Amino acid sequence: LPPGFDATELLVANVTLRPGDQWAPGRMTALSRDLTERLRSHFGPGNSAVGTSMPYSSTVLGPSAPLTPNGYVGPPGSIPYRSVTPDYFNLLQIPILRGRSFLSSDAAGSDLVVVVNEQFVREFGGGRDLLGQAIRIGPRDVTVVGIAGDTRFKAASPPEAAVYWSTLQRPGMSVIVRSSDLAVATRELGEVVRSVDASLVVVQPEFVEAKIARQLAQRRFYLVVLVLFGGLGLVLTVVGIWGVVAHLTRQRTRESAIRVALGARPGQVTALVVRQGLVPVAIGLAAGIVGSWWAARAMESNT
């Protein structure tokens, strides 16, 4: 399944305070802004981003039901809240289908704006385009300024409705950079983080591709086991059919000799044996196809 973003050489890490330190009011906002600027200066524009709810990492959930002048357009629930910097969409190559991404002017003190994905519009749009609409998400009145493409941030799962916030209005301290060397990128990331504040540390740096492989490992193991047992069953089936047909043919050796003696051509005798031997095979194939189709539908209904 396409994830909806480019996971190639994408490194994700969390930035947090050393044990014992506490976030002072407004400190995370300032650190998030400074970290964004230092990362852009070190790794280059478009090669880094800061935020929360990074791909295949921890997820920040928030209220989902938007409130319009006519009331809630969907049942209350929780959806991922993703605070991101403007470079986030270009870095992950998530398309902005309509509207715009975040700007430096989307800061604290200005009107709250969000970017939502297509799945959010389908679930909560009430059949209309939410671009440019003022809605309430949780306790906040916001304006939808962009519609982004859907992404899968969990292995083999359907796209989830998501709301993107600007880190200038809702700060985050997770980091994502594009690099081909995990060790080098981790060392450089640690140096940048410490240059912003000595009390900050980088934890759990890992490539997104490794996270995806780990989440898919169990599914792949089940698939390998299924293929092995399926192949074994196929071999046993072929050997069994061959043995039964050979046994039935051997029992009719005298009959075949009589038919040849009475003028039947060898090809006619062979065709007769093959035709009669294929009848149970065809019945078994038909029953197997119907059974496998029924089992597949039953498995789909349970997932």
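Visitor: Why is Asp 150 called buried?

Guide: Buried means under 20% relative accessible area, exposed over 50%, and partly exposed in between, with a 1.4 Å probe and protein chains only. Asp 150 has 17% relative accessibility, so Asp 150 counts as buried. A word on the background: this is a predicted model, where local features need pLDDT of at least 70, side-chain atom pairs count only at pLDDT 80 or more, and totals for chains, interfaces and linings use all residues. Residues are numbered from 1 along each chain as its sequence is written, and side-chain values use heavy atoms, with hydrogens and water left out.

Visitor: What makes Asp 150 and Arg 122 a salt bridge?

Guide: A salt bridge needs a side-chain nitrogen of Lys or Arg within 4 Å of a carboxyl oxygen of Asp or Glu. Here the closest N and O atoms are 2.4 Å apart, and the pair forms a salt bridge. Asp 150 sits in the loop between β10 (140-148) and β11, and Arg 122 in helix α3 (residues 118-124), so the pair ties together parts 28 residues apart in sequence.

Visitor: Why is Ser 166 called buried?

Guide: Because its relative accessibility is 2%, Ser 166 counts as buried.

How values were computed. Helix = DSSP H or I, 4+ residues; strand = E, 2+ residues; numbered from the N terminus.
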